[in-house]
Amino acid sequence: MAEKREYISKDELINQIISEEYHMFSQVENIGGRASCQDDFDTFYIMRSSQHSIFEKNTLESYLKDIKDAQAAERNLIAEKYSWMMEETDPAWFAEKLKPYLPQISTQKMRLVEHMTTVFMKCYECVKTQYPNLLASGRNPYDNQEGASIQLYFSCELKTWSEPTLSLACQDIISHLEKQENPVGMIYEKIMNFYSHIIHKAEKEM
């Protein structure tokens, strides 16, 4: 008899992922103490939901498996992402305190990370050219001197994904580009839609 599988929509899957991600995020221990953003679920949800929306359901299912596998191994993928950032922002601390505890990255996986990051940043530049005011403020795209850049954030997150998830994500990005869609633009559009809805709701309640 075939196994009965419960159907889960893409939105429900994204909500499951975000729930697990926020649990990991809230447990990250910062050198300077708990950050205020760790208690801001609404902003976290908007940003993560918008990013996850560009990926297909099978990619998200693979990423959720990454999360479950990490939890079973008592690993925190969000903490690992921030640890990988330290390789650029504080190399000495990273080499001594963090690198020995991070999973090794294979050559093939690193190629996937570098390829996706390169494509992502090219898409970002297109959005920046088309909507310069939208991206005028916020995190620097490349410079890590005053904090982690957009490029560093994205590439270090990818380092926490498995090779199967990265391969599927690459296929999704290629599919968007083949359809003349800018995945970074799609993320920002989703973010703006979220905030537009919040503003509209607040105005109705006034």
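Mentor: In this predicted model, 26 residues line the largest pocket, and Met-47, Arg-139, Ile-150, Tyr-153 and Ile-191 lie nearest its centre.

Trainee: What makes a residue part of the lining of a pocket?

Mentor: A lining residue has an atom within 4 Å of a pocket point. For the largest pocket, 26 residues are counted as lining. The space inside is about 1,000 Å³.

Trainee: Which helices supply at least two residues each of that lining?

Mentor: H2 (41-52), H4 (77-89), H6 (107-130), H7 (150-158) and H9. The largest share, 5 residues, comes from H2.

Trainee: How do the residues of that lining divide into nonpolar, polar and charged?

Mentor: There are 17 nonpolar, 4 polar and 5 charged. Met and Ile count as nonpolar, Arg as charged.

Trainee: Why is Ile-198 called partly exposed?

Mentor: Buried means under 20% relative accessible area, exposed over 50%. Ile-198 has 43%, so Ile-198 is partly exposed. Its place is in helix H9 (residues 183-205).

Trainee: What lines the second largest pocket?

Mentor: That pocket has 22 lining residues, with Val-28, Glu-29, Asn-30, Tyr-82 and Ser-83 nearest its centre. H4 gives the largest share, 6 residues. By class, the lining has 13 nonpolar, 7 polar and 2 charged residues. The second largest pocket holds about 640 Å³ of space.

Key:
Residues are numbered from 1 along each chain as its sequence is written. This is a predicted model: local features need pLDDT of at least 70, side-chain atom pairs count only at pLDDT 80 or more; totals for chains, interfaces and linings use all residues. Side-chain values use heavy atoms; hydrogens and water are left out. Helices (H or I, at least four residues) and strands (E, at least two) are DSSP runs, numbered from the N terminus. Buried means under 20% relative accessible area, exposed over 50%, partly exposed in between (1.4 Å probe, protein chains only). On a 1 Å grid over the protein atoms alone, a cavity is a set of points where a 1.4 Å probe fits but cannot get out, and a pocket is an open set with protein on both sides within 12 Å along at least five of seven lines; lining residues have an atom within 4 Å of a point. Grid points are joined across faces, edges and corners, and a volume is the space filled by probe spheres set on the points.
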